[in-house]
Number of protein chains: 2
Amino acid sequence: MAIGIAILGAGIFAREEHLPAIRACDSLSLKAIYSRSEASSTALAKSADVDTYFDSPKSPSKSLDDLLQRKDIHAVVIALPILVQPAIIRKALSAGKHVLSEKPIARDVATAEGLIAWYKEQKIEQIWSVAENFRFLEPVVYGAEQVKKVGGSVTTFSMKLYGFVDENDKFYKTPWRQVPEYQGGFLLDGGVHFTAGLRGLLVAGGQHITHLAAFSSLLEKKLAPVDTVHATMKISNGNNGTFNLSFGTEFKSGFEIEVVTSKGAVVVRPTEVVVTTKDEKGVKKEDVKKFEYSAGVKPEILAFAKALEAGKGNEKSSPEEALMDLKILQTLLESGEKGGKVMKVA
Amino acid sequence: MAIGIAILGAGIFAREEHLPAIRACDSLSLKAIYSRSEASSTALAKSADVDTYFDSPKSPSKSLDDLLQRKDIHAVVIALPILVQPAIIRKALSAGKHVLSEKPIARDVATAEGLIAWYKEQKIEQIWSVAENFRFLEPVVYGAEQVKKVGGSVTTFSMKLYGFVDENDKFYKTPWRQVPEYQGGFLLDGGVHFTAGLRGLLVAGGQHITHLAAFSSLLEKKLAPVDTVHATMKISNGNNGTFNLSFGTEFKSGFEIEVVTSKGAVVVRPTEVVVTTKDEKGVKKEDVKKFEYSAGVKPEILAFAKALEAGKGNEKSSPEEALMDLKILQTLLESGEKGGKVMKVA
């Protein structure tokens with residue numbers, strides 16, 4: 001029998017990604033949608049033909065607490081504003097529900113660590129996973145496999161994400177993103193995807209980021225406090241690379257992660273992976289694999305459903321992984337605030 | 001009447017670049033070639049059908065001093081090992097010759113500053129220029145013009161040079177490069193080209209590099225002490241970018257400098273420049289200009305010849321420009337040695 005699930009949050013990502021991903025997953029059965037306000041919850045719930053829950057205005061048996069008391073709902077996917085999530089994660093887990101909460105795991109490392117410590121203390125069977133769709137992007141998954149297959153020692157690497165968030169950007173229009181009350185603003189929210197992506201490829205090469213030094217800047221005033229960070233990073237074998245992330249470059253855009261080893265190179269882009277190696281005769285060759293663009297949420301939800309069936313969280317969605325993505329991003333922001341001071345990551 | 005000139009040095013660059021460049025310049029007349037050893041000097045002098053000078057073995061009227069006493073030689077191009085050059089530069093200028101000496105200006109900033117101070121104290125009319133062919137590369141020159149034309153404020157930038165110097169590399173085979181007695185080894189020698197190239201484009205955008213933080217590493221043991229540096233750099237308007245330089249990546253190669261402004265972007269590669277701007281209707285457009293590959297030495301020698309005629313050194317070849325290229329490279333090396341410590345450049 002399909003597992004009953006609810007979506008907490010009725011924003012863009014819930015509507016465009018979570019809803020269709022749950023619909024596409026045979027082992028999940030969407031029962032309800034909750035959002036703080038009746039208007040937004042009901043709009044999405046109606047379109048999905050499921051029950052609506054909200055806390056404003058107050059209405060009998062329509063609150064989040066009411067939703068969490070339903071016996072036919074076993075799990076919730078949480079896609080609420082960053083500052084709101086931790087309390088709701090605790091509440092849902094305490095109510096006996098499994099949880100898949102959205103990235104970033106929390107506003108900062110201290111809050112995230114507190115949440116993880118609390119979760120461990122509960123010694124409960126409910127699974128708490130943190131969504132990071134980049135760990136399920138086909139090119140990232142394939143790229144990591146290729147880094148492992150290529151082998152050798154990582155010699156250099158780079159992560160580049162350049163984009164331009166204008167006034168009409170659908171995510172920018174979200175009020176809690178426009179006036180962020182958490183470090184880094186858009187850079188925290190969007191940035192963890194890219195620390196996750198880079199980490200995925202580096203870990204496949206047996207490396208983790210140990211130190212970094214970053215400068216940060218604000219190119220587009222509306223994205224305050226910072227929208228750009230450029231860093232040099234050192235990995236566990238002592239080699240190094242760069243990390244370039246900006247949401248404020250109108251005339252440069254693109255996403256690329258590259259990991260080079262002593263035996264080959266892997267370049268991951270949104271719809272392709274290029275692998276350079278040498279053939280048996282020592283001649284360099286390049287293999288290009290193309291992918292259709294996808295946000296990776298369907299395989300992520302599928303992995304969560306399988307984890308529910310198995311009674312054990314998927315490692316890719318572990319809170320510890322999400323914490324490490326956040327730790328690197330926070331260290332980038334802190335190094336930037338301190339004018340490029342070199343900082344230890346882990 | 002053509003200006004009499006001699007080449008001091010009979011290595012790869014003298015043979016492959018300086019000799020043909022001087023031959024191609026109508027206003028210069030090559031009179032002699034000097035190298036420390038008779039064998040190397042005479043081999044090149046014979047092929048060029050000019051007089052040979054050397055100091056080993058000692059031979060009457062064949063020494064460098066003898067060459068510098070010739071009245072028909074007005075200028076010298078010096079392409080000798082880095083550690084040897086400063087003494088020869090002083091000697092040639094003191095003998096009344098104009099000098100174009102090869103980059104880097106000296107082994108370190110202190111030596112370079114000492115040399116510049118000495119030159120100024122002499123209050124002589126002889127021109128001392130320092131060669132940096134990257135300032136004469138057509139794509140770099142055109143790219144800088146485009147940065148100026150595009151206008152706007154520099155938002156981000158990057159310099160990437162990846163290459164692999166193997167045992168058979170003609171420059172690596174030079175004994176003084178194989179066992180370098182100066183900081184940075186190959187990275188100093190080759191690296192100043194790329195600090196020069198990046199500076200050229202940034203200066204066109206009204207910027208200079210103010211701070212940097214770098215990690216360095218040695219990927220290929222034979223290139224000790226370091227062959228790789230990855231840095232984040234801050235420019236005068238507070239924005240930032242990255243600088244990636246490695247001679248030890250077998251599976252990654254290429255050269256690219258990019259400067260992005262609030263009004264467009266300019267990408268310089270060895271044989272093309274791509275300019276992105278918006279047209280009158282606000283639609284983005286890309287202009288690609290192709291170039292034939294050239295090392296830039298011919299226009300550099302031509303500029304030196306013109307400077308000799310005008311009695312005033314070309315600004316692109318000023319010792320101060322070469323000093324700034326070296327200063328940035330030395331700061332990169334020092335930051336790397338200090339584990340990524342952020343450092344002020346200027």
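Begin at the boundary inside chain A, where, across the interface of domain 1 of chain A and domain 2 of chain A, 3 salt bridges are found. Keep in mind throughout that this is a predicted model.

**Stop 1: the two domains of chain A**

To see both sides of that boundary, colour residues 3-131 of chain A as domain 1 and residues 134-296 together with 326-344 as domain 2, as the domain assignment gives them. Their centres, taken over C-alpha atoms, are separated by 28 Å, and the contact draws 16 residues from domain 1 of chain A and 15 residues from domain 2 of chain A. Between them the two domains of chain A bury about 1,400 Å², with 70% of this area on carbon and sulfur atoms. Now select I12(A), K103(A) and V109(A), which together supply 34% of the area that domain 1 of chain A buries against domain 2 of chain A, more than any other three residues.

Next, show the side chains of E16(A) and K170(A), which form a salt bridge whose closest N and O atoms are 2.6 Å apart. On the side of domain 1 of chain A that touches domain 2 of chain A, the elements that give two or more residues are α1 (12-23) and α5 (109-122) of chain A, and α1(A) gives the most, with 4 residues.

**Stop 2: where chain B meets chain A**

Bring chain B into view and select the residues on either side of the boundary between the chains: 44 residues of chain B are in contact with 44 residues of chain A. Chain B and chain A bury about 3,000 Å² between them, and 60% of that area lies on carbon and sulfur atoms. The count of salt bridges between the two chains is 4, and a pair to display is K278(A) and E250(B), whose side chains meet in a salt bridge at 2.3 Å, N to O. The side of chain B that touches chain A takes at least two residues from each of β7 (154-162), β8, β9, β10, β11 (254-261) and β13 (272-278) of chain B. Across the interface of chain B and chain A, 16 residue pairs are in polar contact, with both residues at pLDDT 80 or more.

**Stop 3: K252(B)**

Select K252(B), which is found in the loop between β10 and β11 of chain B. Is K252(B) buried or exposed? Its relative accessibility is 17%, and because buried means under 20%, K252(B) counts as buried. Its side chain makes a polar contact of 2.7 Å with the side chain of E258(A). Leaving aside neighbours within four places in sequence, K252(B) is in contact with E258(A) and V260(A) in chain A, and with Y162(B) and G163(B) in chain B.

**Stop 4: strand β9 of chain B**

Finish by selecting residues 228-235 of chain B, strand β9, which is mostly covered, with 7 of its 8 residues buried. Strand β8 (residues 209-217) of chain B pairs with β9(B) in the antiparallel sense over 8 bridges, and there H211(B) stands opposite K234(B). β9(B) also pairs in the antiparallel sense with β10(B), residues 240-246, over 7 bridges, where M233(B) stands opposite G241(B). The hairpin of β9(B) and β10(B) has 4 residues between the strands, and in this hairpin G238(B) takes a positive phi near 95°.

Conventions: Residues numbered from 1 in each chain as written. Chains lettered and ligands numbered in written order. Heavy atoms only, no water. Buried < 20%, exposed > 50% of the residue type's maximum accessible area, 1.4 Å probe, protein only. Pairing = 2+ DSSP bridges. Domains from an automatic or database assignment. Contact = heavy atoms within 4.5 Å. Buried area = accessible area lost by both parts, 1.4 Å probe. Polar contact = N/O pair within 3.5 Å; in protein donor to acceptor, adjacent residues only side chain to side chain.
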